[in-house]
Amino acid sequence: MWFGWPSSPAVESGIIDWYASTILEEERAICARINAAALSDVVFGPTGFFLSKQAWRASLNGVVTAPFPVFWGVTEAV
């Protein structure tokens, strides 16, 4: 495959097995297989840059600058 949607039969069958599983230990083993197959077949390669916009009102303290909203430690200024 050169262009288009990535294809990995091992990853696809692992996902189907994971959905069908009802035992936690079995799910963990399947996830390990999916991860190994995904790293072997390289079905995802992040490219580019993503910036998420956030707005916080001025009456809040403890707002942490992060690439995603972080709510712990945020308090209302008194």
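**Charge pairs, a surface patch and a buried serine**

Arg28 and Glu25 sit 3 residues apart in helix H2, about one turn of the helix. Their side chains form a salt bridge, with an N to O distance of 3.0 Å. Glu25 is exposed, because its relative accessibility of 52% is over the 50% cut-off. The model is a predicted one, and local features need a pLDDT of at least 70.

How many salt bridges does the count come to? The count is 3. Side chains of opposite charge can pair when their charged atoms come close.

One of the salt bridges joins the side chains of Arg33 and Asp17, at 3.3 Å from N to O. This pair links distant parts of the chain, since Arg33 belongs to helix H2 and Asp17 to helix H1, 16 residues apart. Arg33 is partly exposed at a relative accessible area of 47%, and Asp17 is partly exposed at 34%.

Arg57 and Glu76 also form a salt bridge, their closest N and O atoms being 3.4 Å apart. Arg57 is in the loop between H2 and strand E1 (60-61), while Glu76 is in strand E2 (residues 75-76), so the bridge ties together parts that are 19 residues apart in sequence. Arg57 counts as exposed, with 51% relative accessibility, and Glu76 counts as exposed with 53%.

Now return to helix H1, which spans residues 9-20 and contains Trp18. Ile15, Trp18 and Tyr19 make a nonpolar surface patch of about 330 Å². Trp18 is partly exposed, with a relative accessible area of 33%. Tyr19 is exposed, at 65%.

The structure holds 2 aromatic pairs. In the pair formed by Trp18 and Tyr19, the ring centres are 5.2 Å apart and the planes meet at 55°, so the pair is tilted. The label follows because planes under 30 degrees apart count as stacked and those over 60 as edge-to-face, with the rest as tilted.

Is Ser21 buried or exposed? Ser21 is buried, because its relative accessible area of 7% is under the 20% cut-off. Ser21 lies in the loop between H1 and helix H2 (24-41). Leaving aside residues up to four places away in sequence, Ser21 touches Glu26, Glu27 and Ile30.

Methods: Residues are numbered from 1 along each chain as its sequence is written. This is a predicted model: local features need pLDDT of at least 70, side-chain atom pairs count only at pLDDT 80 or more; totals for chains, interfaces and linings use all residues. Side-chain values use heavy atoms; hydrogens and water are left out. Patches are made of residues with over 30% relative accessible area and no salt bridge: like charges are joined within 9 Å, nonpolar side chains (Val, Leu, Ile, Met, Phe, Trp, Tyr) within 5 Å. Accessible areas come from the Shrake-Rupley method with a 1.4 Å probe; for residues, only the protein chains shown count as cover. A salt bridge is a side-chain nitrogen of Lys or Arg within 4 Å of a carboxyl oxygen of Asp or Glu. Helices (H or I, at least four residues) and strands (E, at least two) are DSSP runs, numbered from the N terminus. Buried means under 20% relative accessible area, exposed over 50%, partly exposed in between (1.4 Å probe, protein chains only). Contact means heavy atoms within 4.5 Å. Rings of Phe, Tyr and Trp (its six-membered ring) pair if their centres lie within 6.5 Å; planes under 30 degrees apart count as stacked, over 60 as edge-to-face and the rest as tilted.
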